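Trainee: I would like to go through this model with you, chain by chain and then across the contact. Please give the criteria as we go.

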Amino acid sequence: MDLQGIWFFIWGLLWAVFFMTDGFDFGIGILYPFLGKNDFEKRIMINSVGPIWNGNEVWLITAGGVTFAAFPLAYAIMFSSLYSGLMLILFALIIRGVAFEFRGKVDNKIWRNTWDIAIFVGSLVPAVLFGITFANIFKGLPIDQSGVFQGSFFDLLNFYGILGGLLFLLLFLFHGSIWLSVKTEGELHERSKSTALLIWPFLLITALFFLGASWFFTKLYDNYLANPVLFLDILLTVAALFASRFFIKRKEFFRAWFSSSIVILGSVFFGIIGLYPNILPSIINTEFSVTAYNASSSPLTLKIMLVVVIIFIPAVIAYQAWAYYLFRGKVTKEDLAYEESY
Amino acid sequence: MDIVLLSRLQFATATMFHFLFVPLTLGLSIMIAIMETRYARTGDKLYLSMTKFWGKIFLINFGLGIVTRITLEFQFGTNWSRYSAFVGDIFGSLLAIEASAAFFLESTLIGIWIFGWRKLSPKAHAAVMWLIAGASTLSAVWIIIANAWMQHPVGYVLRNGRAELSDFSAVIFQKFAILQFFHTVSAAYIVSAFFVMGVSAYHLLKKQSIQFFTRSFRIGLIFGLIFSVFTAIEGDMHGVHVAEVQPAKLAAMEAHWETTTRAPLNLFAIPDEKNERNFIEIGSIPGLLSFLGYHDINAEVKGLKDFPKEERPPVLIPFLSFRTMVGLGTLFILLTIIGLLRRNRLLESPLYLKIMVLSIPLPYVAIEAGWVLAEVGRQPWIVYGLMKTSDAVSPLASSQVLVSLMAFILIYGLLGIAGFYLIIKNAIKNPDL
């Protein structure tokens, strides 16, 4: 594989890991008003991701940064084309992050209710919009020969795009409700568990429907047909989805969560594999597509950055894994009694 | 409205708002690490209370700094796509290194610090704060290297219609970056020092938790004294380098129109950009500008008129922001020297304590003014001498940028109110001892 190919893979991996990690705290943020019946349960929910959500979100910044570093032209066209959608995502992430920090700091009903809304909206908007955006990238964008986006935000709200939004939403809801099952006890635990089981069939149907729709709306399958071994990604993803339900039934929630992590990685990679070598396919003319080859940085930069990610990304994974390990176990009353908790 | 202006206003809003919170966290993290280390070593509970009290304020700041950071990673692509495509090879990689090497570490560790009190030993917990302080400083290193490259591009070749990296170490070790880093970070320490001194002074005036706030005040004082002197000396070196590599910025910040030797420095003037002169000049000191720029009172200083009109920065904003920065910087040295003399009689110096409370916002003003000087003084270039700001903007409709700018102002305005409300609320609360 050449440098650009390796970078295309790293690029996809960083976005996939972002969705896998921040995905469950998005899911919890959306479930938050429905599953948290009182202030105590709400606090349990926020604190279940309290120590780790910040680190999860940095995967987004790194994915963005690596897009900029390795494929500057793709970075430029992607984010200016998707301007309105990205701005909505950014505002949502900002109010959500602040809500986690601020909510518990004042004991006042209006104050807390305001931040409760911020947590819900701030989690729902990115979950759905990222899905819509990535589905549209899989489908192709109206990019002209000078790399200018000839469309508007509303063009993204097509059938396939909205299906992608729904798929991401369900993936994150499922992922989040399993994480809550891992981290909570009592009624909240039972509610989280039944929510996961309730979402599961809808997720399965939507995922299969999305796989089918991709046949008609995208060219993703071209790479699969050329290399049938790649179909393993789809098989593995669907298998992980079934495994996840199996583990929930057996009350092995961490394994269920691990399986649903694979579901998210596999789902994102379904698109990434199909896209290769395109990063932003053009539906006006395939010659205008932004690819790993026509958008990449110079070989020197790609090499330097490769050294950087080979050193730092495993280090990040190691210390984040340590953080997850350090805060393993259920979130309890005692954890909330504690003045620094959210 | 013009899309370039709108995009610049949006960039300025996002960056300056972010920069309201970052400087305090840079310095406060070190002071908290010192307090917590003393607690871990001596078991003195007062240091634990100090760690917790300042820690709360730190976390509110840190949270706001982190969320506003996300915008910064993406706004080059959203609003400056032509710039991004042109410089991504160099500039993009610096941002990506910052994210993977520094930002990840501080964001992961902050969760561990907040929630890890019972999971870690006091020493390990203190070590986490040291690592947070180290990672935030490292983060500043990379961001400033990136900005310095826009101020003074080095280590590149123009190829394939863009700037491509040719010498990585030239980019990261260039003099401009080193000088700018020390200037910015030491100025950030002044912000933190004056914040800690000012809040402590408030409580000392109320005669509450006296030992607690006397200790805090002293830690702030040491920081404030060292770094206000350091920033001034270092700023002088930085100025000399700016004179060398960005002569137009020097001329603009001094409203210096004609090329002269033994150039004077006007303490105050009102620049008249249309007629290329100053309306009034007050307190003109002969030779001082030559001395500041070149450390030689007879040196020739190039005037604005010798730069083509389309390559001149605006004059008024750099001129005023430079004076604000230097004037306040001098005041900080003065205030910390008085503090040094009165350090054992703080309670008997209510006037000084009152002045210190009122001085809390001043380093914020100074550090923002410095940033404005660096950025506006670089105009009309986005990359000095290489790419004009007007050629860098994204192909968007100006209405799109107008709407997002309004949204930024609204959301950041509300966040600012909520954030400063919480900071003040926690700062004036008497720590329970």
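Trainee: Which share of the contacts in chain A with a separation of 6 or more comes from residues 24 or more positions apart?

Mentor: This is a predicted model, in which local features need pLDDT of at least 70, side-chain atom pairs count only at pLDDT 80 or more, and totals for chains, interfaces and linings use all residues. Residues are numbered from 1 along each chain as its sequence is written, with chains lettered from A and ligands numbered from 1 in the order in which they are written. Two residues are in contact if their C-beta atoms, placed from the backbone, lie within 7 Å. Among contacts in chain A with a separation of 6 or more, the share from residues 24 or more positions apart is 78%.

Trainee: What radius of gyration does chain A have?

Mentor: Chain A has 13 helices and 2 strands, where helices (H or I, at least four residues) and strands (E, at least two) are DSSP runs numbered from the N terminus. The globule rule, 2.2 Å times the number of residues to the power 0.38, is compared with a radius taken over C-alpha atoms. For 342 residues the rule gives 20 Å and chain A comes close to that, so it is as compact as a globular protein of that length, with a radius of gyration of 20 Å.

Trainee: How are helix 1 and helix 2 of chain A oriented to each other?

Mentor: Axes are lines fitted to C-alpha atoms, for helices over the stretch in contact, and angles run from 0 to 180 degrees between N-to-C directions. Helix 1 (residues 3–35) and helix 2 (residues 39–49) of chain A pack at about 175°, with axes 10 Å apart. Angles under 35 degrees count as roughly parallel, over 145 as roughly antiparallel, 65 to 115 as roughly perpendicular and the rest as oblique. Helix 1 and helix 2 of chain A are therefore roughly antiparallel.

Trainee: How many residues of chain B are in contact with chain A?

Mentor: On the chain A side, helix 3 (53–70), helix 4 (72–81), helix 5 (83–102) and helix 12 (299–326) each supply at least two residues. That side has 38 nonpolar, 14 polar and 3 charged residues, counting Ala, Val, Leu, Ile, Met, Phe, Trp, Tyr, Cys and Pro as nonpolar, Asp, Glu, Lys and Arg as charged, and the others, Gly among them, as polar. In total, 55 residues of chain A are in contact with residues of chain B numbering 52.

Trainee: Which helix of chain A do the buried residues of helix 14 of chain B pack against?

Mentor: A residue is buried if 20 or more other C-beta atoms lie within 10 Å of its own, exposed if 12 or fewer, and partly exposed in between, with C-beta atoms placed from the backbone. The buried residues of helix 14 of chain B include B:Phe408, B:Tyr412 and B:Leu422. Within chain B they pack against helix 1 (3–18), helix 3 (45–79) and helix 7 (175–205), and in chain A against helix 5.

Trainee: Is B:His203 buried or exposed?

Mentor: B:His203 is in helix 7 of chain B. Not counting residues up to four places away in sequence, B:His203 touches B:Gln208, B:Ser209, B:Phe213 and B:Asn430. With 24 other C-beta atoms within 10 Å, B:His203 is buried.
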